[in-house]
Amino acid sequence: MIRNPIAVAIALLVLGSAAADAQRLYPREWFWGRSGLFAPDYITPTLDEPGYLTGDSRSARSTRAGKLVFAAASVDDYCQQDGSPRITVLDAPRGARISTDIGSFVAVRNDGGSKRCIGRTVRGTRVYYQGRKDRIVLRVAYPTKGLTYDHVITTR
């Protein structure tokens with residue numbers, strides 16, 4: 001018979017903090033608001049107002065994959081990545097090489113939601129382009145609320 005369920009819960013948290021690295025608990029950091037209970041680098045946001053942000057060629061450096069022409073991110077209230085948007089190429093010039101990756105960039109605009117993280121570095125899907133100067137049409141599908149936006153990008 002359990003007489004004090006709070007004491008049992010605290011004891012389980014303390015014992016669980018010594019678990020294997022695959023499912024580690026961080027109760028001390030979590031209690032002081034420095035991290036999540038199960039992930040040391042994630043803090044649970046207090047508000048549920050996601051931001052759907054975009055970046056452009058000024059947002060990050062170009063790489064071997066080409067010139068960064070567009071980026072999109074879905075972030076929470078603390079500017080933490082909240083899933084990666086899926087980007088589909090709807091129209092591109094012939095012979096163009098377009099590649100994507102997940103990485104950091106500076107948010108310059110928003111597609112919807114919170115504007116809190118504009119001007120800050122966020123993580124999301126980045127689009128790189130190699131080819132002649134032309135225009136590209138991209139469809140961005142954000143994961144959390146199913147929002148979809150089309151963007152026309154003019155390469156320089």
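Tyr52, Tyr142 and Tyr149 form one aromatic cluster. Please keep in mind that this is a predicted model.

I will take the cluster pair by pair. The structure holds two aromatic pairs. In one of them, the rings of Tyr52 and Tyr142 have centres 5.0 Å apart and planes at 55°, so this pair is tilted. Where do Tyr52 and Tyr142 lie? Tyr52 is in strand β1, residues 51-55, and Tyr142 is in the loop between β7 and β8, so the pair ties together parts that are 90 residues apart in sequence. The other pair is Tyr142 with Tyr149, and that one is edge-to-face, with 6.1 Å from centre to centre and 70° between the planes.

Are these residues buried or exposed? Tyr52 has a relative accessible area of 2%, so it is buried. Tyr142 is buried too, at 2%. Tyr149, at 27%, counts as partly exposed.

Next, the core. The largest nonpolar core has twelve residues, including Tyr52, Tyr142, Val127 and Leu138. Strands β2 (67-75), β6 (121-130) and β7 (135-141) are the elements that each give two or more residues to this core. Val127 touches Leu138, and its other contacts include Phe70, Ile87 and Ile98.

Last, the sheet. Three strands form an open sheet, ordered β3-β7-β8, with antiparallel pairing. β3 (86-91) and β8 (148-154) are at the edges with a single partner strand each, so one side of each has no neighbour in the sheet. On average, neighbouring strands here are turned by 30° against each other, ignoring direction. β7 and β8 are joined by seven bridges, and Arg139 stands opposite Asp150 in β8.

Methods: Residues numbered from 1 in each chain as written. Predicted model: local features only at pLDDT ≥ 70, side-chain atom pairs only at ≥ 80, totals over all residues. Heavy atoms only, no water. Core = buried A, V, L, I, M, F, W, Y, C linked by side-chain atoms within 4.5 Å. Buried < 20%, exposed > 50% of the residue type's maximum accessible area, 1.4 Å probe, protein only. Helix = DSSP H or I, 4+ residues; strand = E, 2+ residues; numbered from the N terminus. Contact = heavy atoms within 4.5 Å. Pairing = 2+ DSSP bridges. Axes fitted to C-alpha atoms, helices over the stretch in contact; angles between N-to-C directions. Phe/Tyr/Trp six-rings, centres within 6.5 Å; stacked < 30°, edge-to-face > 60°. Lists of a residue's contacts leave out its neighbours within four places in sequence.
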